[in-house]
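Biologist: I would like to go through this structure term by term. Please give the rule behind each word before you use it.

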Amino acid sequence: MKCVGKVVKYGDNVDTDVIIPARYLNTSDPKELASHCMEDIDKSFHSKISGGDIMVGGENFGCGSSREHAPIAIKASGISLVIAKSFARIFYRNAINIGLAIVECPEAAEAIEEGHTVEADLDSGLIMDLTTRETFTAEPFPEFIQNIITAGGLVNAAKSGIIA
Amino acid sequence: MPMTMSQKILAAHAGLDSVEAGQLILCSLDRIHGNDITSPVAIREFKKMGFDKVANPDNVTLIMDHFVPNKDIKAAQQCKCCREFATEQELESFYDVGRMGIEHALIPEEGLVVTGDVAIGADSHTCTYGALGAFSTGVGSTDMAFGMATGKAWFKVPSAIKFVLTGELPRFVSGKDLILHIIGMIGVDGARYKSMEFTGPGAHSLSMPDRLTVCNMAIEAGAKNGIFEVDDVTLAYEKEHAKRQLRVFKADEDAKYDAVYEIDLNKLRPTVAFPHLPENTKTVDEIGDIKIDQVVIGSCTNGLFKDMEEAAGIIRGRKVAKNVRAIIIPATQDIYLRCMEAGFIKDFIEAGCVVSTPTCGPCLGGYMGILAEGEKCVSTTNRNFVGRMGHVDSEVYLASPATAAASAIMGKIASAEEVVK
């Protein structure tokens, strides 16, 4: 699976309260959640991105609450991939479970700037900053997790009997 | 291969003799729970998976606690969705208004998770039950759905950090100060993906409510779980609450840890986490004059009877400072009742506090105490992120019930020592 898009970049400890504030958790509608995604730290988020774009974060991306509404909001906003130096553990498993592509790559997350165009090959772990021509390699996922991702998330993995 | 306490519990639930850090395993679950925010998403995913019936209705629990009594129509719809699912699936442990409490206070109280269990909950503070010597961790709604459907969850076996506690907590210093001190020391991702295991004579000196508070905030250091060694305090608590057989696991003497920290409880001071991260800690001795607008005493972190008792001890016979709103929230119906019988509710009301029915409301900026632009709140809750309790330009200072109560009286961030001479 390949993702190509323009980058929107944030810092360390992007928490689930800023990804989707709890005041909007009275709904689980992906479109409605997406409309409030990132609004507490970046009012221009939606005007900056278009479908397929890539979000880059620092350390501990997605820390805080277990709300799956956070990766759902990012995915429904049209973001195709999140690259971060590291992910908070619940966000990490939620993203895998709902089929939002994520890659942990500290070097890439450090070097890539907002507005750059980036191409990532999720099977090989190869990330290329097309603006600077720099390349980075991320550790591939363990096979067990790769199977969930390939199935399109935990729902499909459960349906197809990959895990049970 | 020697194992940590968490690894032993996981191995036993995966049907394996031993496990090691990094291994991916499928575990059987003793409890799966969700709340009125996360369960509707889980129910949707459960149906998408094509399941009709939960694997075991006896170990699925739904607790309506975040936006109840329903704060608006959408919140009411979400509770309705949970209520209908509970009826359809014949769930015995469905907790609605009148029976509910804040989930992480209610679950140990009701004995729904016990010593030695593996439990998941679609709420990040599910790590609380490590205080009982159980492996418990927060997950998302899809994991909850998969857990309801199969009775299982996948885990990457965590490595661990060991905290060896010595001494005893001084007066006006509690489990909250200990965990804030630890998060200040190791940072909000200091234990990312790892277990935090608490042991040593100081750990055994801590009361069960203090242990619950410490484990509750393990997630605020990024941890997968927090866990206390089982001792007489655990067994005495479980004698009163558990309705199932306990299983006691102990870390191997030669278990490997990523790091070991020794903490002398005698040296701890009341500690406050400044905006906008729980790691921004200062002791009360390092805080200048910070005027406040609101105090919240409650939540899954500090809404237990002991927390209410500590707050009442400071507030009783005094008045909440002018221009401060003090909101007190006992975490369960039982705690509320015990506070009433002990006279705490009268103490709070006479001092000028409001006392609310159990709810997560203000902690996550839902309702029941939202902050306006520029306002400051001292809160016994667990997170102080940007906009957590209201306006993006409001500020939350995390503290213990004693510090929060003293701050309500003084109208500024203050320690209990300044109020109770």
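Modeller: On a 1 Å grid over the protein atoms alone, a pocket is an open set of points with protein on both sides within 12 Å along at least five of seven lines, while a cavity is a set where a 1.4 Å probe fits but cannot get out; lining residues have an atom within 4 Å of a point. Grid points are joined across faces, edges and corners, and a volume is the space filled by probe spheres set on the points. This is a predicted model, in which local features need pLDDT of at least 70 and side-chain atom pairs count only at pLDDT 80 or more, while totals for chains, interfaces and linings use all residues. Residues are numbered from 1 along each chain as its sequence is written, chains are lettered from A and ligands numbered from 1 in the order written, and side-chain values use heavy atoms, with hydrogens and water left out.

Biologist: What is the volume of the largest pocket, and which residues lie nearest its centre?

Modeller: The largest pocket holds about 450 Å³ of space. Its lining has 25 residues, and A:Tyr92, A:Glu104, A:Ile145, B:Lys156 and B:Tyr193 lie nearest the centre. Two or more lining residues each come from α5 (89-98) and β4 (101-104) of chain A and from β7 (152-156) of chain B. Such elements are DSSP runs numbered from the N terminus: helices are H or I with at least four residues, strands E with at least two.

Biologist: How many residues of each class are in that lining?

Modeller: There are 15 nonpolar, 2 polar and 8 charged residues in the lining of the largest pocket. Ala, Val, Leu, Ile, Met, Phe, Trp, Tyr, Cys and Pro count as nonpolar, Asp, Glu, Lys and Arg as charged, and the others, Gly among them, as polar.

Biologist: Which residues lie nearest the centre of the largest cavity?

Modeller: The structure holds 5 cavities of 30 Å³ or more, and the largest cavity has a volume of about 230 Å³. Of the 23 residues that line the largest cavity, B:His66, B:Asp123, B:His125, B:Leu364 and B:Arg388 are the closest to its centre. Its lining divides into 8 nonpolar, 9 polar and 6 charged residues.

Biologist: Why is helix α1 (residues 5-14) of chain B called largely enclosed?

Modeller: Buried means under 20% relative accessible area, exposed over 50%, and partly exposed in between, with a 1.4 Å probe and protein chains only. In α1(B), 7 of the 10 residues are buried, so the helix is largely enclosed by the rest of the structure. Those residues are B:Met5, B:Ser6, B:Gln7, B:Ile9, B:Leu10, B:Ala11 and B:His13. They pack against elements of chain B including β1 (24-28), β5 (118-121) and β6 (135-138); contact here means heavy atoms within 4.5 Å.

Biologist: What makes B:Asp347 count as buried?

Modeller: B:Asp347 counts as buried because its relative accessibility is 12%, and the cut-off is under 20%. B:Asp347 lies in helix α13 (residues 344-351) of chain B. Not counting residues up to four places away in sequence, B:Asp347 touches B:Ala312, B:Ile315 and B:Arg316.

Biologist: What makes β4 and β7 (134-137) of chain A edge strands?

Modeller: Two strands pair if DSSP finds at least two bridges between them. In chain A, 7 strands form an open sheet in the order β4-β3-β2-β1-β5-β6-β7, with mixed pairing. β4 and β7 of chain A each pair on one side only, and are the edge strands. Strand β6 (residues 126-129) of chain A pairs with β7(A) in the antiparallel sense over 4 bridges, and A:Ile127 stands opposite A:Phe136 in β7(A).
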